[in-house]
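Please read the model below together with its sequence. The walk-through starts with the overall layout and then turns to the ligand.

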Amino acid sequence: MKELRIQTEHHQYPVYIGSKLRFDVGSMLNKQYDRVLIITDKNVEPLYLQEVLQSFPSSSQVSSFTVPASESSKHIDVFYQCHTYAMENGLNRQSLIVALGGGVIGDLAGFVAATYMRGIDYIQVPTTLLAHDSSVGGKVAINHHIGKNMIGCFHQPQAVIYDTDTLSTLSNQEWRSGMAEVVKHAFLADEVLLERCFTLPAFPSMERDVLEYLLMRGIEIKANIVAQDEREAGIRRYLNLGHTLGHALEAEAKYVLSHGEAVAIGIDFALFLSQQHHPSLTFPIERYRKWLQQHQYPTSILHDYEITNLVERMKSDKKNDQHDIRMVTLNEVGDPTTVAYKVNEIKEQLLVYKKEVSRV
Ligand SMILES: NC(=O)c1ccc[n+]([C@@H]2O[C@H](COP(=O)([O-])OP(=O)(O)OC[C@H]3O[C@@H](n4cnc5c(N)ncnc54)[C@H](O)[C@@H]3O)[C@@H](O)[C@H]2O)c1
Ligand SMILES: O=C(O)C(=O)C[C@@H](O)[C@H](O)[C@H](O)COP(=O)(O)O
Ligand SMILES: [Zn+2]
């Protein structure tokens with residue numbers, strides 16, 4: 001088992017990464033909880049719920065609540081149902097919530113924990129590759145129909161317990177989605193990691209040590225940024241590389257596109273903008289586009305949506321100033337920055353970008 005520690009201003013917690021950890025979740029915690037509520041989804045429940053349930057000592061009263069398996073669960077109604085279930089099952093301020101699942105469950109259950117009786121403990125038990133990102137850093141939220149993650153807060157978990165065996169049941173689409181956030185971390189901070197990503201064969205068949213390396217490096221890069229700027233007053237915005245367009249696309253596509261697939265397209269647009277700012281430098285755009293093609297990212301989906309509608313959504317991005325759309329771009333690989341664009345400028349850039357990618 002590997003271990004990392006996440007340090008924020010007022011809180012420190014461990015991230016454990018290894019095989020079979022789901023059998024030990026309850027016994028790995030350094031505190032006993034009388035009541036525990038596991039929140040999971042309909043796909044994860046039959047695969048891993050019993051094992052996690054049974055990992056708690058018999059002195060804990062453990063219950064579970066299962067929500068639909070999709071982005072639609074990051075909804076105020078589902079959030080409310082979780083609260084109702086917690087109250088009906090007698091959870092109190094000394095209780096624990098366990099987020100067992102991918103990023104949807106992590107964001108939802110984390111936000112339930114952050115708001116139940118004004119905040120109780122929770123842990124993350126991630127079961128997707130993408131959740132190497134979502135389980136760390138304490139951003140928890142649900143969606144509003146106007147935009148992604150618009151209702152939420154920062155609430156750090158007590159621990160992250162990542163059983164890498166659970167990833168063996170992921171679909172190709174979920175591997176693809178998770179790899180987009182790994183590549184994002186690589187573009188932000190680590191050329192070696194980027195090279196490793198570019199040379200991977202089919203994602204689901206990657207060796208265990210490669211998988212653990214990707215997870216560890218991704219989490220380290222994120223942890224380093226979160227440690228310096230937990231509440232996104234500055235450099236944490238870099239973790240949003242690819243998300244300004246990504247979130248807009250995801251919402252416009254009514255979430256048929258996975259988060260990571262949308263972010264992957266958003267990263268391509270961010271590279272395109274970076275190249276405009278630094279015409280004398282060469283960014284690995286061609287390699288990145290080949291990689292997207294090789295792994296069947298749905299890049300052509302951009303053509304299904306009106307630029308005007310996408311820009312309308314981008315206008316409600318949380319990074320924005322009053323009038324401008326703030327994009328994360330790169331000065332070079334490993335050196336991110338942000339650039340503010342007027343709404344009309346971003347529209348024009350998106351039109352040029354759309355033409356460029358339709359020629360590829
Ligand atoms: N809080 C953050 O910092 C942060 C970071 C990145 C993404 N996110 C959020 O995370 C969400 C995306 O997370 P995700 O991609 O994990 O999506 P997800 O939680 O919806 O999981 C994807 C699908 O895989 C299924 N699944 C989960 N684990 C499985 C397993 N081991 N085997 C088989 N199927 C499994 C789920 O049921 C679901 O159908 C988005 O809402 C995004 O906004 C949050
Ligand atoms: O942790 C962060 O900070 C991130 O931006 C990570 C993103 O991958 C993640 O999708 C996050 O939920 C986006 O946050 P938002 O503030 O843009 O909603
Ligand atoms: Zn993301």
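This is a predicted model: local features need pLDDT of at least 70, side-chain atom pairs count only at pLDDT 80 or more; totals for chains, interfaces and linings use all residues.

The protein chain is divided into domain 1, residues 2–169, and domain 2, residues 172–359. The C-alpha centres of domain 1 and domain 2 are 26 Å apart. Where the domains meet, 25 residues of domain 1 are in contact with 27 residues of domain 2. On the domain 1 side, at least two residues each come from β1 (2–7), β2 (12–18), α5 and β8. β1 gives the largest share of that side, four residues. By class, the domain 1 residues that touch domain 2 are ten nonpolar, ten polar and five charged.

Ligand 1 is surrounded by 32 residues, and the closest are Asn43, Ala69, Gly102, Gly103 and Ser134. Two or more residues of this shell come from each of α2 (44–54), α4 (103–115), α5 (131–134), β8 (147–154) and α6 (172–189). The largest share, four residues, belongs to α4. Both domains take part: domain 1 and domain 2 each give at least three residues to the shell around ligand 1. Sorted by class, the shell holds 15 polar, nine charged and eight nonpolar residues.

Just after α3, Gly90 has a positive phi of about 70 degrees.

Terms used. Residues are numbered from 1 along each chain as its sequence is written. Chains are lettered from A and ligands numbered from 1 in the order in which they are written. A residue is near a molecule or strand if its C-beta atom, placed from the backbone, lies within 6 Å of it. Ala, Val, Leu, Ile, Met, Phe, Trp, Tyr, Cys and Pro count as nonpolar, Asp, Glu, Lys and Arg as charged, and the others, Gly among them, as polar. Domain bounds come from an automatic or database domain assignment. Two residues are in contact if their C-beta atoms, placed from the backbone, lie within 7 Å.
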